[in-house]
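This report covers a ligand site and a helix pair. The structure comes first, and the description follows.

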Amino acid sequence: MPPESSNDLLLLERPVEGVLIATLNRPEKLNALSKALLGDLTAALAAAKEDGSIRAVVLTGSGKAFSAGADISDMVERGVESYLDPERLEHWHAIEAFPKPLIAAVNGYALGGGCELAMLCDLIVASDAARFGLPEINIGVLPGDGGTQRLPRLVGKSWATRLILTGEIITAAQARDIGLVIETTEPDRLLKRATALAAEIASKAPLAAQFAKQAMRAAFEKPLSEGLQVEQEAVKEAFKTEDRAEGMRAFLEKRPPVFRGR
Ligand code: CAA
């Protein structure tokens, strides 16, 4: 099979200051995460990381899915090599390491790797029409891009076990009730709401947001005592920034701060 063209697999737009929207755009395959699509997403995030005018990113999908998961056709064709493909794994690591706030705006199916991608984001906002699940058990495997680790951390053991062992697909409202999703909206308001949330975050001190994200990640990965050290280091770094001086001065001068990301 010839390599998939990466043209237009990812659509990028800048709806408001500070915010980038990246849209997975392989709707005919429900935005299944081919290596080419993951590669385009990784490249866009790498550029967004370097671009000081981008302070938060919204990730969504075109058509009726956010993403229906890893590319099953490729897994049938290449077996475990598809899953273990070093470039594919590298793309996942790069997305996970993206330092700026990342908000998933889940418009439809977020299944398997699609749900795992949403869980890599810092927050998930969902359309009422969204559906979440880790249905890998139905095709003889299990979640392999972080699902068995992130879902229990996000929703606890009982719901994670139910979803992973039954393959059940749940509604947006259920996902909100179990804490996977922060907020649900009417479908036609989804992007507006996710963008507003991203814009609100983008208006705050950008480096402090990155330090906070880094410190919160430690909450999932380290024991409390080590996490607290990570937090302390992050606060020390924040104190070195111009934005910290500006934020505190603005407070005392009773005016809004002007944050420059420095
Ligand atoms: N990979 C590749 N192609 C996919 C896909 C996937 N994950 N999900 C959907 N597609 C393709 C379908 O094959 C179909 O293509 P054709 O038109 O060429 O036949 C097209 O997208 C539209 O899909 P459906 O016709 O199935 O759409 P539907 O509305 O009837 O059903 C659905 C929607 C319930 C989401 C169904 O598509 C589905 O169950 N998809 C697979 C979900 C899944 O199992 N995801 C987990 C994959 S494994 C994983 O992520 C990680 C891992 O294992 C390690």
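How close do the axes of helix α1 and helix α4 come, and at what angle do they cross? In this predicted model, the axes of α1 (residues 35–50) and α4 (residues 86–96) come within 9 Å and cross at roughly 35 degrees. The crossing of α1 and α4 is left-handed.

On the α1 side, the contact is made by K35, L38, G39, L41, T42 and L45. Their partners in α4 are E87, R88, H91, W92, A94 and I95. Sorted by class, the residues in the contact of α1 with α4 are 6 nonpolar, 3 polar and 3 charged.

The second topic is the ligand. It is surrounded by 21 residues, of which K29, K64, A68, A70 and G113 are the closest. By class, this shell holds 12 nonpolar, 4 polar and 5 charged residues.

| Residue | Protein atom | Ligand atom | Distance |
|---|---|---|---|
| K29 | side-chain N or O | oxygen | 2.5 Å |
| A70 | backbone N or O | oxygen | 2.8 Å |
| I72 | backbone N or O | nitrogen | 2.9 Å |

The ligand taken alone exposes 980 Å², and the protein buries 65% of that area. Two elements, α2 (72–78) and β6 (109–111), each give two or more residues to the shell around the ligand.

Methods:
Residues are numbered from 1 along each chain as its sequence is written. This is a predicted model: local features need pLDDT of at least 70, side-chain atom pairs count only at pLDDT 80 or more; totals for chains, interfaces and linings use all residues. Side-chain values use heavy atoms; hydrogens and water are left out. A residue is near a molecule or strand if one of its heavy atoms lies within 4 Å of it. A polar contact is a pair of N or O atoms within 3.5 Å; within protein, one must be able to donate a hydrogen and the other to accept it, and residues adjacent in sequence count only if both atoms are side-chain atoms. Accessible areas come from the Shrake-Rupley method with a 1.4 Å probe; for residues, only the protein chains shown count as cover. Helices (H or I, at least four residues) and strands (E, at least two) are DSSP runs, numbered from the N terminus. Ala, Val, Leu, Ile, Met, Phe, Trp, Tyr, Cys and Pro count as nonpolar, Asp, Glu, Lys and Arg as charged, and the others, Gly among them, as polar. Axes are lines fitted to C-alpha atoms, for helices over the stretch in contact, and angles run from 0 to 180 degrees between N-to-C directions. A crossing is left-handed if the near helix is turned anticlockwise from the far one by less than a right angle, and right-handed if clockwise. Contact means heavy atoms within 4.5 Å.
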